[in-house]
Amino acid sequence: MESRTLRLPLMISALAAAVFLASCSATVQQGGGDGGAGSTDGGAETIAADANPDPNPPTAWTGPTSSPPAQSGKKVTIVSCINTSPAAHDLAMGAKEGADALGWESTVVDGKAQTTVQISAIEAAVSAKVDGIITICIDPPTIPTALQAAKDAGIPVVSASAPMLDDPLVAAFASYPSVGYGKLVADWIIEDSGGKGKVVVIDVPNSAAGHLTQQSMIEQIEANCPECEIVETAEISLGDAFSPKLGSLVRTLEQQHGESMEYLTFPFAGMWGQAGPAIRDIGRSDLKVATYDGDAVITQACQEGLVQAVASFPLKWNGWAAADQMNRVLAGEEPVFDVGIPAFMMTSENCQGIADADQLVEVDFASEYQKLWGTSGK
């Protein structure tokens, strides 16, 4: 397969407020962890759901089977990358709900998609002598000085919804299956196209989460679909991905490839704010769009027939998993490697009549965690 790369200038835009999973990451600086089978060049370690992801929404508990009891009287700060993103907000609220269920005093701070704000929030939490800090959708390598300050103060940091990196400044990760996420979209494209899909990929190489997922998708297609074609991999910076430059890129790709662009995929649902109008302008009913993160906005686009496939994971469940990891660390126990967050597919076949992809999940994960902690009914 041949692919070309289109590069746009790196420019952080104020419109980055629309992003979810990696809206706060300025650069990709990953550790040297063992990627394991099925990993990409992103450096994240492979968890169970990465190897053989299930496209069906989860109906059974896949999380840990044991946990230390709730550690009482703790105070935690939850630093979200950006609260104006519906998905990031839900994930942060999940972490808060979990912390509250543990009986802790919890505070959510909005990182406002600015590294300086996130660092200040962590440093303020260190000064306040909290017992733990949970970061939401923030790549650890973008905030090393703040993480070092927390470690020097003996305050553990749990990183939620960032790829697991070999980072000694992070006490534990609560990660979704980044590699499996990309595989799900690849498998959908392969099946939907009858093994002959022509795919244009928009990648954000300076986002650890987005780049890892898109590279996983490309690898899965190349390994399992010999008649498929990656027509082009177009790179755009994280900041530009949430600016009008993304719309311009989409229009340029259509002009260059026309009907040879049968599938278009981009790594974050939050990019729809710029990609959506351009896709509408193209007016191609035959173009199929696949993306990630089943928030309310992208779910509506699916219901309108503008997006055909969305790899998703339960956002609040991921937040509760971060609270569980923090409880383990505060109890002096080892965190679990795989927190068991399931990824699944939302498509045009199941997106109707729901507010977001979380409503497809038939698991009472909150009750499951409370059973583990011994807090049920409190």
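Helix α3 has 13 residues and, at 1.5 Å a residue, should span 18 Å; its end C-alpha atoms are 18 Å apart, which agrees. The expected span here is 1.5 Å times one less than the number of residues. Helices are DSSP runs (H or I, at least four residues), strands likewise (E, at least two), and both are numbered from the N terminus.

A word on the source: this is a predicted model, in which local features need pLDDT of at least 70 and side-chain atom pairs count only at pLDDT 80 or more, while totals for chains, interfaces and linings use all residues. Residues are numbered from 1 along each chain as its sequence is written, and side-chain values use heavy atoms, with hydrogens and water left out.

Back to α3. Gln118, Ile119, Ala121, Ile122, Ala125 and Val126 of this helix are buried, meaning under 20% relative accessible area, with exposed being over 50% and partly exposed in between (1.4 Å probe, protein chains only). Looking down the axis of α3, these buried residues fall within an arc of 160°, so they line one face of the helix; the arc is taken from the directions from the helix axis to the C-beta atoms. Thr116 and Ser127 are exposed, on the face turned away from that buried side. The cover over the buried residues of α3 includes the strands β2 (75–80), β3 (105–110) and β4 (132–136), along with α4. Just past the end of α3, Lys129 takes a positive phi of about 60°.

As for the pairing with α4, the axes of α3 (residues 115–127) and α4 (residues 144–152) come within 9 Å and cross at roughly 10°. Axes are lines fitted to C-alpha atoms, for helices over the stretch in contact, and angles run from 0 to 180 degrees between N-to-C directions. On the α3 side, Ile119, Ile122 and Val126 meet Thr145, Ala146, Ala149 and Ala150 of α4, contact being heavy atoms within 4.5 Å.

Zooming out, the protein has 11 helices and 12 strands, and 59% of its 378 residues count as buried. Among contacts with a separation of 6 or more, 79% come from residues 24 or more positions apart. Elsewhere, Glu349 sits in the loop between β12 (344–347) and α11 (365–373) and is exposed, with a relative accessible area of 77%.
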